[in-house]
Amino acid sequence: MADAALTSNAVERGGGGLRRFSDVLVTRPRLLLLILLAPPLVWLGVVYLGSLFALLLQSFFSIDEFSGLIQHEFTLKTYGELLQPANLDIILRTVTMAACVTLASAAIAFPIAYYAARYARGRWKALFYLAVMLPLWSSYLVRVYSWKLILAKEGILNWVFAELHLTWLLDVLLALPVIGGPSLSISYIGTFLVFLYIWLPFMILPIQASLERVPGSLIEASGDLGATPRQAFATVILPLALPGIVAGSIFTFSLTLGDYIIPQIVGSSRLFIGQAVYTHQGTAGNIPLAAAFTVVPIVIMGFYLWGAKKLGAFNAL
Amino acid sequence: MPLDRAGGEGAAVTSDSAVTSEPTAAAVAVRFQKVARHFGEVRAVDAVDLAIRAGEFFALLGPSGSGKTTCLRLVAGFEQPDAGHIEIFGETVEGVPAYRRNVNTVFQDYALFPHMTVLDNVAYALRIRGLGKAERHDKARRALALVRLEGYDDRRPVQLSGGQRQRVALARALVGEPKVLLLDEPLGALDLKLREQMQVELKELQQRLGITFVFVTHDQGEALSMSDRLAVFNEGRIMQVGTPEEIYDAPRNRFVAGFVGSSNVLEPQVADALCGTRGLCSLRPERVRLLAPGEAAAPEEVVAEGRVTSLQFHGATRRLAVALPATTLTGTTLHVTLSSALGLPPQAGATVRLAWPRSAMHAMDDV
């Protein structure tokens, strides 16, 4: 009898509503995709981009100097304010710092990422991921404050230099104009070191991912065709790793541009963009100027990506 | 050595290279002396002696893991031998890195640079040597014409089909005019029709250029049809070196007989029962013929009677398995290949009489 039941039903029909629903989804993959994508698209479109747009809009308003109230009329007055020397100074300082941090972290991250992608296997690879990610699991504030202690005049770094009889070297470094200061924790060098430490993982991981996708045979092929290791690096490895370096530098650059905690805790009292935004929208209540300051990193990143594309950074994608 | 060399000259190189049996030092392109390469406990290459002649199309044939690719990588310079000595055109190459060897490789996965156009890929070796843009593009275009891939200069590798990528890889390896071209299973990723076409083209190209080709393959048909000589590898050792005919007609041992083509390996007692003592023998299935009822065998022929146990149709040929009587021949099954043009074969279960020339039974080393 079981045979008869099997032969009579070439297609199984019926079942509950949920089953019918899943049948519909399986046969119409686009519908499934729409259902899966709708919530994140709403989030991204309305909440994320919408608020960004509202922020941009704010930068075209201005603040009444007497009443301190926001005037909801389109004007470029706030941007005029942004371009005043004191504010330009802040922008220049922040962009220079971000560029230095990005270059240094790329230089440090590349060898680590290269080792992890090409040589580390099994246990060593796990150790690599752990070493890179572990700092990210602890509190950002705790790490910044511990760096303040490390860099302080009474800190371990000064002690190490003293034990090595190299205090003079540190003094020479701190005597340098602009980047120097009374101690490492109150100088741009200190700010730079802490930025470098905090954002380094964001540079290592994308570079490692891009190097991971370069087959070993490509490097062998370049050697086979006569390229010395240095030439192979310049013509094959670096161009193929470039999308990863650019991705990493987007992180380090934009994170440095926007950060206001590190320069407040470690460094001289001079403002960075993040701090300027913080003061203007909080203490001063000048939301239009804060918004205009926020536009600066967006514009800079736009130009940066445009330049990177022109240079062919994404050709390997 | 210009790339567009005349056809006649190249042919002369290949024909005279097949004649001499012990090549002189000058005529040897690649020489291996007791070369070994171990990976931990694995002896990938174990005491290999080999002399590949200049201008020869030489195949390294063997199953995967037999050491043939490691041998190729030793020539290219991607691996260094643990023991032994390697020479390329009389020059010792131990300790010489790949980029200082005048040897180029066509990789199994082609290894084309994804961030460069076809033309830049092919011109890569010339760019490394510091040639000007116009000159290197000119030479690269000629190399592409040589492999019959024109009009794709500005494409990227991802925009090409497998066969086109293969041609780019070939042009890229040839543009620097290497003394030896190494090919690591270059046709493995192509479909059957394209593979057959490329076999012919590669052979023609090699004859035209007169460059020594060393070709790694696990496909015995490919090795037989393309190479001037070949080495059969198994477990890191060379089983036999010779021309395709030598290897096919006179396999040295059980492994070669089984790996190169298919063969009936006749155990010594079977060979003895069939035609007197000959030791371990190989008998190619196509050498066996079917005797018509009442037909007498020629005097130099060996005759056996058996029952057909299976029958397979392969288009041009039919393959029969014939069980010889268990009483005298300990249950041996003979495989027989018959041309399909011969008409209807006997059915399974039928009793047939088989005959083959005594000379078709080739004695082998019993290892």
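Q: Which strand of chain B does β14 (residues 301–313) pair with over 7 bridges, and in what sense?
A: In general, strands of a sheet pair through backbone hydrogen bonds, either parallel or antiparallel. Here a strand is a DSSP run of E with at least two residues, a helix is a run of H or I with at least four, and both are numbered from the N terminus. Two strands count as paired if DSSP finds at least two bridges between them. In chain B, β14 and β17 (residues 351–357) run antiparallel over 7 bridges. One example is B:Glu301, whose bridge partner in β17(B) is B:Pro357.

Q: Before we go on, what kind of model is this, and how are residues and chains labelled?
A: It is a predicted model, in which local features need pLDDT of at least 70 and side-chain atom pairs count only at pLDDT 80 or more, while totals for chains, interfaces and linings use all residues. Residues are numbered from 1 along each chain as its sequence is written, while chains are lettered from A and ligands numbered from 1 in the order in which they are written.

Q: How many bridges link β14(B) with β15 (residues 317–323) of chain B?
A: That antiparallel pair has 6 bridges, and B:Val308 has B:Val322 as its bridge partner in β15(B). The hairpin of β14(B) and β15(B) has 3 residues between the strands, and B:Gly315 takes a positive phi near 85 degrees there.

Q: How many residues of chain B are in contact with chain A?
A: Contact is defined by C-beta atoms, placed from the backbone, that lie within 7 Å. By that test, 18 residues of chain B touch 17 residues of chain A. On the chain B side, β6 (103–106) and α4 (124–128) each give two or more residues, and α4(B) gives the largest share, 3 residues.

Q: Is A:Asp64 buried or exposed?
A: Count the other C-beta atoms, placed from the backbone, within 10 Å: 20 or more means buried, 12 or fewer exposed, and in between partly exposed. A:Asp64 has 9, so this residue is exposed. A:Asp64 lies in the loop between β1 (62–63) and β2 (70–71) of chain A.

Key
Two residues are in contact if their C-beta atoms, placed from the backbone, lie within 7 Å.
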